[in-house]
Amino acid sequence: MSQPLTSTEHTQKAFTSTLQICEHCDTVYRRRALVRGEVARCQRCGAVLERHQRLSLDTMFALVLTVMVVFVQANVWPIITLGLNGTQIHATLWGIIIMMWERQSQVVAALAAATLFFFPLLKMALVGWLLAYGRRGRRAPGFTRLMVVLHYIAPWTMSEVFVLGILVSIVKAQLYFDVTADAGAFAYAALAVLITIFSGIDLRQLWDKIPESTP
Amino acid sequence: MSALPRAHELGVIGCHVCGLVCRDTGVQGAACPRCGSALHRRMPGSRARTWALLIAAFILYIPANFLPIMRTVSLGDVDDNTILTGVVELWVKGSPDLAIIVFTASIVVPMMKFLVMVTLLLSVHRGTNWARTQRAKLYRLVEFIGYWSMLDVFVVSLLTALVQFGFFSEVEPLPGVVYFGLTVILTMLAAMSFDQRMIWDCKDEDD
């Protein structure tokens, strides 16, 4: 199965690297190399076709590793601390998820676990895996399948929204209690910044940048 | 003569998943040679699926707004908040600027999503080429801001985990928050299942 598939890919390559289709309106363009800071836009619908990707695979790999470290910090350290009469209550991400599960809101607990923990974790792990091989010019085992998985899980990371949620919660809780943002909150803020940088990276470029190893 | 040829005019298909430009062989069930995903000009059943998800989302949106999402117990004082009263409370007691953000995320954005998606679906049904660029922009906006509506769900979760003092004071999630979370997920799925290329599938009269 894989042998004929690969040969079609090779014939397709020559044909496709020169062409590009706008995802939003199906207009076909001849692809042009972009220089730094350039953005190709569709003339019909105005959507972005392609941006110049200035991060090398090595830089991307470094970025993923950074995101992983910050992600661990954001999940381990308490996010908000509430002090009342000398006792302190810390909220961590998993504390929140477990609490919601116990309070008859299992759906919310599952949503939070998926969008704040499992999908981001899976995404980072996959990108890290693909890049660890890719920066040495090789396709990682399972490259094709993992790239497809990555495409489907990409929209389900909501850490940025959670950061805003932390801010709102602090203000709301402050009406009644003495609450402070903890280390985890700052880690989350850093994570939001990193994720924003990361979302500017078009991961589809990996198809072109990491060539197939010739059999 | 159109200066901007579309995929079907050139006999090619763009892969939904990896973006590869493939020759359209006309074979049913053809797969992308690069990523193995099924190739099709338009997502099959896109309109029906979008309608279904949107209607389901709207049904859940009603209890999401009318049922309270959070109960605050403070020194025996029980207070049930819906999404709207939560915004009002934040406006009155806390900070109006944050109230505006929450109002936008939990009320304006979902409402706008419903209106925009219904407009898009109806206009696609009619095959009109009215305001296509604007409609395409609206779609991209909805897709981009959709998930920020989860804000209130996360706020309720955080407060629940934080405020736990037994009978002194407590924050408890109420069913409204579950409905609201599901509404957000369903509207996101509806936006994703809408094939925005349909907006452009009508005769070009302007060029």
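## Where the two chains meet

In this predicted model, 58 residues of chain B are in contact with 55 residues of chain A. On the chain B side, the largest share comes from helix α6 (residues 151-162), which supplies 10 residues. Sorted by class, the residues of chain B that touch chain A are 37 nonpolar, 14 polar and seven charged.

## A pair of helices in chain B

Next, look for helix α2 (residues 46-66) and helix α4 (residues 96-126) of chain B. These two helices pack at an angle of about 150°, and their axes are 11 Å apart. Angles over 145 degrees count as roughly antiparallel, so α2(B) and α4(B) are roughly antiparallel to each other. Their crossing is left-handed.

You can trace the contact residue by residue. From α2(B) come B:R47, B:T50, B:W51, B:L54, B:F58 and B:Y61, and they meet B:P110, B:F114, B:M117, B:L121 and B:V124 of α4(B). By class, this contact has nine nonpolar residues, one polar and one charged.

## A three-stranded sheet in chain A

Now turn to chain A, where three strands form an open sheet in the order β6-β5-β7, with antiparallel pairing. The strands β6 (87-91) and β7 (178-181) of chain A stand at the edges; each has a single partner strand, so one side of each is left without a neighbour in the sheet. On average, neighbouring strands of this sheet are turned by 20° against each other, direction ignored.

How many bridges join strand β5 (residues 80-84) of chain A to β7(A)? There are four, and the two strands run antiparallel.

Which strands of the chain A sheet does α6(B) touch? This helix packs on the sheet and touches β5 and β6 of chain A. The direction of α6(B) makes about 150° with that of β6(A).

Conventions
Residues are numbered from 1 along each chain as its sequence is written. Chains are lettered from A and ligands numbered from 1 in the order in which they are written. This is a predicted model: local features need pLDDT of at least 70, side-chain atom pairs count only at pLDDT 80 or more; totals for chains, interfaces and linings use all residues. Two residues are in contact if their C-beta atoms, placed from the backbone, lie within 7 Å. Ala, Val, Leu, Ile, Met, Phe, Trp, Tyr, Cys and Pro count as nonpolar, Asp, Glu, Lys and Arg as charged, and the others, Gly among them, as polar. Axes are lines fitted to C-alpha atoms, for helices over the stretch in contact, and angles run from 0 to 180 degrees between N-to-C directions. Angles under 35 degrees count as roughly parallel, over 145 as roughly antiparallel, 65 to 115 as roughly perpendicular and the rest as oblique. A crossing is left-handed if the near helix is turned anticlockwise from the far one by less than a right angle, and right-handed if clockwise. Two strands pair if DSSP finds at least two bridges between them.
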